[in-house]
Amino acid sequence: MPRFLIERLLQGVLVLFALYTITFFLSKAMPGEPFTSEKNISAETKANIRKLYGLDKPIWEQYLAYPKNIITKGSFGISTSKGRPVIDIITQSFPNSLILGLCALGFAIGIGVPIGILSAVRKNSWIDWACMTVAMVGICIPSFTIGPLLQIYVAAHIPGLKVAGWGNLEDILLPSITLGLVSAAYLARLTRGGILEILSQDFVRTARAKGVSPIQVILRHTLRGGLLPAIAYLGPAFAALISGSFIVETIFQVPGMGQHFVNAATTRDEFLLLGLSLFFGFLIVVMNLLADLLTGLLDPRVRHTEGID
Amino acid sequence: MTEQPSTVSQGSSLWKDARSRMAKNKFAMGGLWVIVAMFSLCFICAWFCTDPNQVNLTNKFAPSSIEHWFGTDALGRDLFARILYGGQVSILVGLIATSVSVAIGIVYGAISGFAGGRTDAIMMRIVDTLLAIPFLVLVIVLQATLSDWSGDATRWIVENFNWDKEFTGRLTNVVPLFFALGLLGWLTLSRIVRAQVMSIKEREFVEAAVALGYSKGRILFRHIIPNILGPTVVYSTLTVPGFIMYEAILSFLGLGVESPNSSWGVLIKEGANFLETEVQLLLLPGLFFSLTLFSLNFLGDGLRDALDVKAAKD
């Protein structure tokens with residue numbers, strides 16, 4: 001177990017480094033200037049500004065300076081478009097994204113897993129058919145269609161719900177439903193598949209033959225193994241929620257990280273872009289690791305196999 | 001992955017089996033017909049439609065009529081024509097990005113699986129690393145980079161070849177998206193290819209080719225890859241809806257296809273602006289989009305089940 005953990009941590013560092021390298025060189029390859037809003041300044045002033053941000057140095061020095069600053073000073077650079085430290089922007093907007101993401105994840109698990117179990121238990125019945133069709137519909141309707149529709153048909157008619165905005169408790173409801181829907185649908189499909197596979201195994205037949213009640217068969221014998229595919233999906237699900245939040249934050253005007261990311265890409269704000277990419281990457285690496293650990297905890301077979309395949 | 005006996009060697013019966021299994025799957029067949037209908041609508045019927053970019057400010061938000069089946073949008077453009085032309089872009093993004101990623105994925109996965117040993121381990125670790133990187137983050141950055149280059153390319157083509165400026169501009173606005181998605185989308189596919197190559201390289205005909213003294217490259221490209229092509233292409237149908245979705249996400253965020261070009265993502269984005277009064281501007285493109293994705297998913301699932309393509313690790 002410790003060896004597995006160390007291996008995965010090292011891999012996580014490697015992932016972040018690869019992400020940094022790719023983002024760094026891509027952002028350098030984007031032609032155009034980061035300071036276009038200040039067009040009327042003299043060349044000299046511009047050179048000074050570039051110097052202030054350390055953009056005058058050779059590219060390899062810049063490439064090494066950024067990770068060095070993160071490790072030694074905890075600094076993610078200063079946003080060239082906002083003039084504020086990137087870390088400030090992250091700490092200000094991340095809590096909103098996190099709350100939204102967690103609520104969406106909670107919604108997805110709370111809806112998706114029970115539907116999946118129900119479908120599996122009533123396999124090939126009309127319930128199964130209806131649930132899986134709804135799940136497929138959930139996967140295929142994009143959040144940017146669901147979101148506006150919820151705004152106009154739900155938020156506008158129920159008092160207390162606002163069409164867009166952030167700040168009150170009830171404002172979380174519609175964005176997290178919109179965001180969590182796709183993951184809920186995937187979770188339902190995965191749970192159904194996982195449980196069906198376990199239900200076909202010998203020990204379940206033995207349990208049934210011994211006269212264990214159907215509910216106990218599901219709760220005690222099937223759930224633990226049957227939920228594994230769904231749990232393995234939680235890491236990627238978190239990634240999906242974060243990328244999905246770009247859209248949902250735009251629709252419901254949530255002051256989260258997504259909008260900053262899109263702005264950074266369009267204004268060629270390379271420090272903001274690097275900082276946000278690394279932060280997203282870090283979150284996803286951590287979530288994947290947690291999902292792996294949880295899988296290992298639930299499934300002893302995974303615990304001792306090392307690496308992949 | 002050493003099982004899957006002799007499916008491929010009995011070429012004709014594999015496809016025959018698959019076809020009969022496919023025909024029994026009502027969802028998959030339904031999906032297939034919807035896709036066929038959608039393709040013919042977008043690529044054939046669109047030629048008979050009115051110009052999707054014809055602005056008519058005196059006829060804004062017209063209700064549906066014989067002239068404009070779905071009515072008109074905020075600039076008086078025919079919504080039906082815009083949906084069909086938008087469908088061309090969305091479907092092309094799905095198909096071209098898939099082709100690019102299949103091409104990369106097959107070569108990469110086949111080399112990795114065929115070489116085995118340390119080369120294989122390193123190549124697969126690279127894939128693992130790239131898979132852990134948030135996809136949308138990379139696509140956004142790569143798309144931004146590519147579209148700046150393609151802006152230069154537009155200027156160059158217009159200056160040197162006298163191409164129509166508007167047409168070239170529209171073309172070069174879409175092309176970066178194809179490649180940004182395709183260049184990053186091959187990772188899962190390469191794993192599937194690798195698993196298949198590993199099971200095929202143990203077979204007698206490969207042994208025979210080795211015994212005949214053929215070069216590794218020849219064995220790989222002439223004997224192994226043709227045998228895995230079918231199942232791989234089938235599996236790749238499952239990635240098409242994903243690419244279409246990413247196109248829509250990027251366009252919705254204003255980072256993909258731009259107006260006056262239309263794509264389903266652009267139309268949904270435009271429609272969302274007039275939600276309170278003109279909900280059909282959002283609903284109709286959304287319906288076409290969802291229906292296509294729905295059918296593609298069913299079709300892909302059905303094809304995969306029919307051919308029993310197994311992924312090494314999903």
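Predicted model: local features only at pLDDT ≥ 70, side-chain atom pairs only at ≥ 80, totals over all residues.
**Where the chains meet**

Let's start with the contact between chains A and B. On the chain A side, 40 residues take part, and they touch 34 residues of chain B. Six helices of chain A each put at least two residues into that side: α1 (2–29), α5 (126–140), α6 (143–155), α10 (228–252), α11 (257–267) and α12 (270–298). The top contributor is α1(A), which gives 9 residues. If you sort the chain A side by class, you get 29 nonpolar, 10 polar and 1 charged.

**The nonpolar cores**

The largest nonpolar core has 132 residues.

**Helix α11(B) and its two partners**

B:Ile268 is also one of the α11(B) residues that meet α12(B), and it shows up again in the contact with α10(B). Here are the two pairings.

| Helix pair | Axis angle | Axis distance |
|---|---|---|
| α11(B) (residues 264–272) and α12(B) (residues 280–307) | roughly 155 degrees | within 7 Å |
| α10(B) (residues 240–252) and α11(B) | about 40 degrees | 7 Å |

How do α11(B) and α12(B) run relative to each other, roughly parallel or roughly antiparallel? The cut-off for roughly antiparallel is an angle over 145 degrees; the axes cross at roughly 155 degrees, so α11(B) is roughly antiparallel to α12(B). Their crossing is left-handed. From α11(B), the residues involved are B:Trp264, B:Leu267, B:Ile268, B:Glu270, B:Gly271 and B:Ala272. They meet B:Leu281, B:Leu282, B:Pro285, B:Gly286, B:Phe288 and B:Phe289 of α12(B). By class, that comes to 9 nonpolar, 2 polar and 1 charged residues.

The α10(B) and α11(B) pair is oblique, and its crossing is right-handed. On the α10(B) side you'll find B:Glu247, B:Ala248, B:Ile249, B:Leu250, B:Ser251 and B:Phe252. On the α11(B) side are B:Trp264, B:Gly265, B:Val266, B:Ile268 and B:Lys269. This contact splits into 7 nonpolar, 2 polar and 2 charged residues.

A:Ser245 sits in α10 of chain A. Is A:Ser245 buried or exposed? A residue needs 20 or more other C-beta atoms within 10 Å to be buried; A:Ser245 has 27, so it counts as buried. Beyond its sequence neighbours within four places, A:Ser245 is in contact with A:Ser97, A:Leu100, A:Gly101, A:Leu179, A:Gly256 and A:Gly258. Its C-alpha atom is 9.7 Å from that of A:Ala104, although 141 residues separate the two along the chain.

Over in chain B, B:Val193 belongs to α7 (residues 187–200). B:Val193 is buried too, because 30 C-beta neighbours lie inside 10 Å. Leaving out residues up to four places away in sequence, B:Val193 touches B:Gly105, B:Ile106, B:Gly109, B:Ala110, B:Gly113, B:Ile228 and B:Thr232. With B:Thr232, the C-alpha to C-alpha distance is 6.6 Å across a sequence gap of 39 residues.

Note on methods. Residues numbered from 1 in each chain as written. Chains lettered and ligands numbered in written order. Contact = placed C-beta atoms within 7 Å. Helix = DSSP H or I, 4+ residues; strand = E, 2+ residues; numbered from the N terminus. Nonpolar A, V, L, I, M, F, W, Y, C, P; charged D, E, K, R; others polar. Core = buried A, V, L, I, M, F, W, Y, C linked by C-beta atoms within 7 Å. Buried ≥ 20, exposed ≤ 12 C-beta atoms within 10 Å, placed from the backbone. Axes fitted to C-alpha atoms, helices over the stretch in contact; angles between N-to-C directions. Parallel < 35°, antiparallel > 145°, perpendicular 65-115°, else oblique. Left-handed = near helix turned anticlockwise from the far one by under 90°.
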